[in-house]
Every structure is written in C-alpha cells, then in structure tokens.
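Please keep the sequence and the 3D view at hand while reading.

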Amino acid sequence: MSALIGRKLLDRNHNKTKDAFVRVKKMDLEKLTTEVMQLREFLPRVLNGLCVEKERLIQDQLQLQQECLHLQSRLDAAKSECQKEREEKLLLRNQLWQSGSELQEQADFCSSLGSAACSLLWSCSSREETVTVWLADGKLQSFLIVATQTLESFVKSLDDEMKTQTEDPNSTEHQFVLALVGTITNIAAVTCGRDFLSSSGHILLDTLMKLLELMKPGVFPRLKVLSLMALYNVSISVKGLKYISENNGLVPLIWTLLDDVDWEVCLHCLRLLQSVLLEEDVLRLLGSSLLNPDLRACVSRHTSSVQPNLRATAQQTLEDLQALQQDQ
C-alpha cells in the first residue's frame, strides 16, 4: 500500500517537471536571443526618439499658443483701430456735411451777390458811353474772363448732370446767368464792344453757342433770346461773323432753334441767319449747308406765323435763301 502511494507521488512530480519545461530548437533559441538583443539595443533609441518627438510637440504647442496669443492681441488691436477709424469716419462725415452745408450757403450767397451785381451791370451797360468807358479803362478783359468761366460752369451743369431743364426761371442761378448774358448782349451792341468780343472773346462766343445747343426746346426762352441777340450783335462785325461762321455747329444750331416753341427764339434765330446770308465770304464757307431744301422749308413754315414780326422776318429770310439758290 505504501509502495503504491509512493509511485503515485513520483508520477505526479514527474508530470509537474515535464509541464515546467518547453523543448525549443537550438536555431529558434538563437534567433530569439538575437531578437531580444536587438530589442535591447533599439528600444532605448525608439524610446529616446519618442521622448524627443514628445518634447518637440510640446515646444510646437507652446509656440502655437504664443502665436495664437500674438494673433489675438493683433486682432484686439485691429478691432480697436477699426472702431477708432469708424468713429473718426463718422466725425469726418459730420464735418463734411457741415462744410457742404456752409459751402452751399456761401454758393447761394455768391449767386445772389452775382445776380444782383450782374443785374446792375446789365442796366448800366444799356448806355453806350458806359461800355466805352469800361473798354477804355481796361475793365472788360477781367469781366470777360469771369463771364466765360461762369457760363462754362453753367454749360457743364447742363451737360454733365443731364438735367431735365425744368428749373424755376426765377431761380438765383438762372437770374445770374440771364443778367450776365444780357450784359454781354449790350456790350456787343456797341461798336467798340463787338469789336472787342470779335477779337478777344472767342471762348465766350463758343460757350454761348454751346449753351444754345444744350438748352432743350421751350426751356429758358429768355436766355436763348439774349444769347442769340449777343451772337447777332457780334455778327454785325465782319470779323465776328467770320469767326462764328467757322464753327461747324452754326447752321445745325440755327436749324434746331427754328423749331423752338417760343416765337421770339425763332425770330432772333432768323435774324442771325439773315446776318450770315449778307456776307459773301461766309456764303462761300457755308454755301452747301445753306442751300439745303429742308432749311428753306423750315424757314418757310414761319411765313404763316400769327406773329407779324416773325412772319415778316421769315419772308425776308426765305427770299434771301431763294436768291442764294438762284445765284448758285
């Protein structure tokens, strides 16, 4: 019995010893040993590289945080600057509005002053001796410069802004220009004055024609009449007539104004045309355009006008055109 028990214990110990060991080939053992040695050699390097990479990432993160703080600071500064500029812009806009209001008040005052002054000049210039004195004193040259600039500004306002031209004819601006053109008309009515304009007022004469071109039919009839009277007075001078006739837009302008709804505009337009028809040199220059049958038809329509002066002037002009046709 004891022998049996002893054998069982021996077999159990043998099995335990057998389970505690694994049989491995020598080649596999050597391979495993090599791999272990390699791991021992490379693992510290890998761990060290990971540590370095971790440190780099930490440094990059710190740098990004610094940059973020810097950008946030710049953003705050930009917002502050933007708010400051916005406040300054509002302040400047308010100042601009105030300046514009003051400038408009000054412009209105200047227009009123100019209108009043030109009205006085218009009245004074109706006397021939006054124009003679102005010319003798050398005052007309400075007046001519101011008059030209004023009319050019008025023409520009009509040209650039494409106005409907339905302004109040009693407005200060219109009265200013009206009195100015009236003064020019009176100056041109005097021999010395028209000679002065014929030689020194070329830009002014061109501006008057441009003004007549831009004013639509039925608009500013009084201003048109005064402008046509001024051109007619200048045309009495042969030198003045030649200069006016050299403008390619003269005949088309006359043609257009003959269709105006205001009979006085048509009357003074016909008188200017008559003045053109009296000068042979001008006829040679404008002959082809003056012989246009449509122009004669346009003049002929006014021969049946209810206005005696317009009807008579149209009849005379028509006869002059027919005579020109026969001469040609």
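## Terms and model

A residue is called buried when its relative accessible area is under 20%, exposed when over 50%, and partly exposed in between, using a 1.4 Å probe and protein chains only. Helices are DSSP runs (H or I) of at least four residues, numbered from the N terminus.

This is a predicted model, in which local features need pLDDT of at least 70 and side-chain atom pairs count only at pLDDT 80 or more, while totals for chains, interfaces and linings use all residues. Residues are numbered from 1 along each chain as its sequence is written, and side-chain values use heavy atoms, leaving out hydrogens and water.

## One face of helix α14

In α14, which covers residues 308–327, the buried residues are Leu310, Thr313, Ala314, Thr317, Leu318, Leu321 and Leu324. Seen down the helix axis, the buried residues of α14 fall within an arc of 140° (taken from the directions from the axis to the C-beta atoms), so they line one face of the helix. An α-helix has 3.6 residues a turn, so residues three or four places apart point the same way.

The buried residues of α14 pack against α11, α12 and α13, where contact means heavy atoms within 4.5 Å. The face turned away from this buried side carries the exposed residues Gln326 and Asp327.

## The lining of the largest cavity

A cavity is a set of points on a 1 Å grid, over the protein atoms alone, where a 1.4 Å probe fits but cannot get out, and its lining residues have an atom within 4 Å of a point. The largest cavity is lined by Leu140, Phe143, Leu144, Ile184, Ile187, Phe196, Leu197 and Leu204, and α4 gives the most to this lining, with three residues.

Conventions
Helix = DSSP H or I, 4+ residues; strand = E, 2+ residues; numbered from the N terminus. Expected span 1.5 Å × (residues − 1). 1 Å grid on protein atoms, 1.4 Å probe; cavity = no way out; pocket = protein on both sides within 12 Å on 5 of 7 lines; lining within 4 Å.
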